[in-house]
Amino acid sequence: MAKMEVKTSLLDNMIGVGDMVLLEPLNEESFINNLKKRFDHNEIYTYIGSVVVSVNPYRSLPIYSPEKVEDYRNRNFYELSPHIFALSDEAYRSLRDQDKDQCILITGESGAGKTEASKLVMSYVAAVCGKGAEVNQVKEQLLQSNPVLEAFGNAKTVRNDNSSRFGKYMDIEFDFKGDPLGGVISNYLLEKSRVVKQPRGERNFHVFYQLLSGASEELLNKLKLERDFSRYNYLSLDSARVNGVDDAANFRTVRNAMQIVGFMDHEAESVLEVVAAVLKLGNIEFKPESRVNGLDESKIKDKNELKEICELTGIDQSVLERAFSFRTVEAKQEKVSTTLNVAQAYYARDALAKNLYSRLFSWLVNRINESIKAQTKVRKKVMGVLDIYGFEIFEDNSFEQFIINYCNEKLQQIFIELTLKEEQEEYIREDIEWTHIDYFNNAIICDLIENNTNGILAMLDEECLRPGTVTDETFLEKLNQVCATHQHFESRMSKCSRFLNDTSLPHSCFRIQHYAGKVLYQVEGFVDKNNDLLYRDLSQAMWKAGHTLIKSLFPEGNPAKINLKRPPTAGSQFKASVATLMKNLQTKNPNYIRCIKPNDKKAAHIFNEALVCHQIRYLGLLENVRVRRAGYAFRQAYEPCLERYKMLCKQTWPHWKGPARAGVEVLFNELEIPMEEYSFGRSKIFIRNPRTLFKLEDLRKQRLEDLATLIQKIYRGWKCRTHFLLMRKSQIVIAAWYRRYAQQKRYQQIKSSALVIQSYIRGWKARKILRELKHQKRCEEAATTIAAYWHGTQVRREYRKFFRANAGKKIYEFTIQRIVQKYFLEMKTKMPSLSPIDKNWPSRPYLFLDSTHKELKRIFHLWRCKKYRDQFTDQKKLIYEEKLEASELFKDKKALYPSSVGQPFQGAYLEINKNPKYKKLKDAIEEKIIIAEVVNKINRANGKSTSRIFLLTNNNLLLADQKSGQIKSEVPLVDVTKVSMSSQNDGFFAIHLKEGSEAASKGDFLFSSDHLIEMATKLYRTTLSQTKQKLNIEISDEFLVQFRQDKVCVKFIQGSQKNGSVPTCKRKNNRLLEVAVP
Ligand SMILES: Nc1ncnc2c1ncn2[C@@H]1O[C@H](COP(=O)(O)OP(=O)(O)O)[C@@H](O)[C@H]1O
Ligand SMILES: [Mg+2]
């Protein structure tokens, strides 16, 4: 293989000419020869200015490899040999860099390679635009939408094994960086008649064959399908297999693509179910059945297929069956049901199949759009790629071809408008000399078809809406009337009316002279196809389907949304969508790819000159070249031109002060570009030859390199200098800091050394002074001492005679003073505790301090007793007072006393208040109770005792029965004269009453109590406070007790221990009561 040379221009190694503009001489022959020559050398692309002409090679060429993509990437349009990539690159770059929305218009006949071209454009753009996981997913989805749409929308025709049977316009959206964001696909009129019938040698849509060949047995069973194509009426048999096409493999590709695009498994399955249902619909057949009224009614021959369809789609079998036999017409709230004959039933069946399929297709497009739509709301740049069905001429051309050709007509129109017309108009606008070039403007044909009042489409709509019988023939008649005089319309009758019968034309046909040739249209089916009627019963049956996808495809079947208005006709719908498309395209910067088909045989290496010549003519390519040639290959506004090339001339670089045009003039003069090579327009410079442009570009490139070097040089210098300056600055800073640090350190050293030396010197000096001072002091001291001794000696000598007399006394006093001082100081530390009962006291140190020591002890004791007393509360004080009283009365007098010391005096032992038994007793007593206690009252008659409650109040003494609380006797305290008791350890006591008092009539009382001491004390104190007299307390082992008139002596004797520790009392005789105290 020859070594690849690096191309820098289109002109290098050119076969023929790469740009038709450079063709010499220019005529049809040379044009075709050039194409052929290039085609034979595998150069299928040729430019006409910026338009790419592509000739279908019908074989795969090695010119689309990733290396090729890299070659064309970011290169000038004219730099490399013509290629569809160069156009894609140009479009993409001006979209990305100049923010111009782009559209790529691909035109040509069916089979000329439009679809392939659109795929190449998309794959190139996908290869060069941004990278990254997210971007790649978007790209992948955009690219994978193709196989899906092709499976459902493409079919084999006589012209093309993979002919697009729908129009497709795809907007690819980019962000400001040029990364793809998503896309929007618009589809135009699917050729749905193909679903039910295909011309000889053609196939139905690919998907049917792919499904039957590629589906697994399991899937086929599920869809109730059989693999054999011949089982299905809708699949024509003569061309079921296409050479070089593997339907089964394609089926897998499509399933995979659906998954990538984002179809859920259940969605993909639903789609296949609808496809299966369509296929099976074709197998429903009808037979006539006579009815009583003589009319034929259709009946389904074999209901098995119907049953399976219903199972597959969840439709009620009876509903669907009825929809095939009856038709309900609704008019102004009236429902009329008519039966269908066999032909009508077939019509209904096919209409259903077509509608089901075409609606499924639209649904697919919408579903794909949903997946690929851009996710952001940022402003988008758009590149539109238009791949619409090419111009078609078949043996039998019907409504579909008419519509398709109309669309191509419109595209040609926009091409003419945007290139030829625009170009000429621009020359005129720019005031550039221009020789007019005639070209065929097809606006007149567009008008023939689309004119709103008398265009063919308008006529057709009018016919369809007209009441009365409407047939295709009446439509043709109408056309004959209205369009008879139109140059581009012909029919047998129209010609007839003017001259003769045009026998070259068959009946029921009309011919339109399209820009691309004459096409004869069979009028049959126009009305029906335009009406595109589906009986309402059928759409309602579909709406009732359990299959959600099918249900959603027939929203008009919803009885709640019944709409009596006619839906827009197919023709007017298409016209409207074409108009929108044209409007859209006009807002964008167009890029053209004009596809040419080299032969009718789909064969490689065959270049049918006549066929190509025909296409070149109707595409107006020669005119296109002429326009480019007559004019100038390149034009640009002055400002951008000056901006781009100003570096090529000293006067304009770096700034041009004057108007841009003058600048460009100066520039071109300076560069010595021949005068005939350019021309000055009003706002633009026109350059005749691309070569001149290339020259300019080359110069610019060279200059840019120089400038880049210059900039680089200056930048490097600047960078080094700044770096150096920075280094120097840093160095100075570092040095300054270091010096500072070093100086600091040195200074610290000197300072510390100085300090050391200083301190030594100071020390030495100080010591010296100290020494001197010490010496001086010693001298002084010595002098003083000597003087003192001397004085002392003198004084002593003088006073010796007074000394001895007083010395002894002084020494004594001093010694005593010292000793006493020491004694007190020692005492301070030896003090005993503050408890009044603590008997400890330190021993006396000196005999002569004996009295002082005792006195001190006494004072201390008194002081601590006082301290102790001071803590008492009033209540406690009272108790102690009582105890003190008791001790005064009984201490050392009664043997019982010591045991009472520890007992607290409680007084009210008996809680009368609390005991309910004594309520009466309590109520009877109003005064404060001082003692309430049970005592034993001694019976004086026999010495036995009974329990009594002894109560002492402020003024009275009361005795009450212990059980009942009954008061037995009450004695006012003034009547109590004396209390007697023994000196022994017993609780007996007698209360003596005043003689003659009322209480005394029964005699004195003799009691024994466990709390004798307390009772006696309390009685004594109460009497004292009430009567201001001291109660006489007699303590004696023998006393007299008054017994009514007699007195009895109570005598206490020492008793034996045998009766326990309780004293016993015995009456000895009339006058003696003996108490034995153990
Ligand atoms: N650039 C190409 N390289 C190789 N084969 C091509 C090329 N363009 C078209 N073909 C062949 O021509 C056939 C028809 O092309 P297609 O793009 O489908 O035509 P159109 O869309 O114009 O009807 C393709 O199936 C392919 O085999
Ligand atoms: Mg196509």
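Select Asp-99 first: you'll find it in the loop between helix H3 (84-98) and strand S3 (102-107). Helices here are DSSP runs of H or I with at least four residues, strands are runs of E with at least two, and both are numbered from the N terminus. Phi of Asp-99 is near 60°, a positive value in a residue other than glycine. With a relative accessible area of 40%, Asp-99 is partly exposed; that term covers the range between buried (under 20% relative accessible area) and exposed (over 50%), using a 1.4 Å probe and protein chains only.

A word on what's on screen: this is a predicted model, where local features need pLDDT of at least 70, side-chain atom pairs count only at pLDDT 80 or more, and totals for chains, interfaces and linings use all residues. Residues are numbered from 1 along each chain as its sequence is written, chains are lettered from A and ligands numbered from 1 in the order in which they are written, and side-chain values use heavy atoms, with hydrogens and water left out.

Now click on Tyr-58, in the loop between strand S2 (51-55) and helix H2 (66-72). Tyr-58 isn't a glycine, yet has a positive phi of about 55°. Its relative accessibility is 22%, so Tyr-58 counts as partly exposed.

**Ligand 1**

Next, select ligand 1 and show what surrounds it. There are 15 residues, and the closest are Asn-56, Gly-111, Lys-114, Thr-115 and Glu-116; to be near, a residue must have a heavy atom within 4 Å. By class, this shell holds 4 nonpolar, 7 polar and 4 charged residues. Here Ala, Val, Leu, Ile, Met, Phe, Trp, Tyr, Cys and Pro count as nonpolar, Asp, Glu, Lys and Arg as charged, and the others, Gly among them, as polar.

Polar backbone atoms of Ala-112 and Asn-162 each lie 3.3 Å from an oxygen atom of the ligand. Taken alone, ligand 1 exposes 560 Å², and the protein buries 84% of that; accessible areas come from the Shrake-Rupley method with a 1.4 Å probe, and for residues only the protein chains shown count as cover.

Glu-150 is buried, at 13% relative accessible area.

**The magnesium ion**

Which protein atoms are donors to the magnesium ion (ligand 2)? They are OG1 of Thr-115 and OG of Ser-164, 1.9 to 2.2 Å from the ion. This pair links distant parts of the chain: Thr-115 is in helix H4 (residues 114-128) and Ser-164 in strand S5 (residues 163-164), 49 residues apart. Donors are N, O and S atoms within 2.8 Å of the metal (3.2 Å for Na, K and Ca), and water is not among the atoms, so sites may look incomplete. Thr-115 counts as buried at 14% relative accessibility, and Ser-164 is buried too, at 9%.

Strands S8 (residues 286-290) and S9 (residues 296-300) pair in the antiparallel sense over 5 bridges; pairing takes at least two bridges found by DSSP. Phe-286 stands opposite Ile-300 in S9. The hairpin has 5 residues between its strands, and Gly-294 in the turn has a positive phi of about 90°.

Then move to strand S14 (residues 509-514), joined to S15 by 6 bridges in an antiparallel run. A hairpin connects them through 2 residues, and Gln-513 stands opposite Lys-518 in S15.

**Last stops**

Helix H19 (residues 536-543) is mostly covered, with 6 of its 8 residues buried; among them are Leu-538 and Met-542. Further along, find Pro-654 in the loop between helix H24 (638-645) and helix H25 (660-670). The peptide bond leading there from Trp-653 is cis, with omega near 0°.

Finish at Asp-961, in strand S22 (residues 956-961). Asp-961 counts as buried, at 18% relative accessibility. From Glu-426, Asp-961 is 535 residues away in sequence and 149 Å away in space, C-alpha to C-alpha.

Methods
A polar contact is a pair of N or O atoms within 3.5 Å; within protein, one must be able to donate a hydrogen and the other to accept it, and residues adjacent in sequence count only if both atoms are side-chain atoms.
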